[in-house]
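Hi,

Here is the structure I promised to pass on.

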Amino acid sequence: MRIGKMWRIFAVSACLLTGLQVFAQNFSIAPNDTIEQSGTLEDLETLTISFQNPDPSPLVLKWQKVSAVVPANWEAAVCDNRICYTGLEDSGTMNAVDSSEWAFLLLHITSKVNYGTATVRYVVWDEKDLLNKDTLTFILRVDEPSGTERLQEAISIHIYPNPSNGMLFIHTNRTNGFFYRITDGAGKSINNGYSETRVLTLLMEGIKAGLYYLGIPDENGQWHTLKFVISP
């Protein structure tokens, strides 16, 4: 009787644990849970952290602000795969993400007349797994240039969202416009052209999922390249 009773207790406990595991769901983070980059004065910078759903069932992510230190006069706003807010919203829920698909949380930060560093932290979690939360840290530094950098600041290029489902936004500090080219992993040209403004929107219709490269030349003709992903 004692052995049978212990076996029943073990069986019930195993079922409960199995039931809990059904609701626990993980996700991968790219590039990692901390993103840090440098920006230029009075320029919009985009900092993006993406999440992939490895599970067969849909994934719904929730997020909440932990802290935000942003220099005075700067503008900062948060976006996810559902909506772009006008500021650093306290919390939100993303649209559901199917298996192998990507979601993202990104910040738009614009420095104004003063240099400084913005540090913003959010936690993100699967709505089915409230105990496992990932803390994301977004850091933007805008330092005062010195020496020859005052005469010619480096080219600034940002792509979002990344990964993209086909709609691609390219933001640069090239106020006089810029040439661009997009190539695949084998170096084959996919798209190229010229933008008369520093912000360009591309609709990558008919482009198969995979890794691609965006190249933009600086004033000296040196090409600067960024990687981006087209999701299925």
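Pro 163 sits in the loop between strand E10 (157-160) and strand E11 (167-172), where strands (E, at least two residues) and helices (H or I, at least four) are DSSP runs numbered from the N terminus. Another cis peptide bond joins Ala 30 and Pro 31, with omega about 0°; Pro 31 is in the loop between strand E1 (28-30) and strand E2 (34-38).

Before you read on: this is a predicted model, so local features need pLDDT of at least 70 and side-chain atom pairs count only at pLDDT 80 or more, while totals for chains, interfaces and linings use all residues. Residues are numbered from 1 along each chain as its sequence is written, and side-chain values use heavy atoms, with hydrogens and water left out.

Two non-glycine residues have positive phi. Asn 73, at about 80°, is in the loop between strand E4 (61-69) and strand E5 (75-80). Asn 73 counts as exposed at 51% relative accessibility (buried is under 20% relative accessible area, exposed over 50%, partly exposed in between; 1.4 Å probe, protein chains only). Ser 100, at about 70°, lies in the loop between strand E6 (91-93) and strand E7 (102-110) and is partly exposed at 40%.

How many salt bridges does the whole structure hold? The search finds 4, taking a side-chain nitrogen of Lys or Arg within 4 Å of a carboxyl oxygen of Asp or Glu. One of them pairs Arg 141 with Glu 36 at 2.5 Å, N to O; Arg 141 is in strand E9 and Glu 36 in strand E2, 105 residues apart. Arg 141 is partly exposed at 32%, as is Glu 36 at 47%. Asp 90 and Lys 65 form another, with the closest N and O atoms 3.3 Å apart. Asp 90 lies in the loop between E5 and E6 and Lys 65 in strand E4, so this pair ties together parts that are 25 residues apart in sequence.

Cheers
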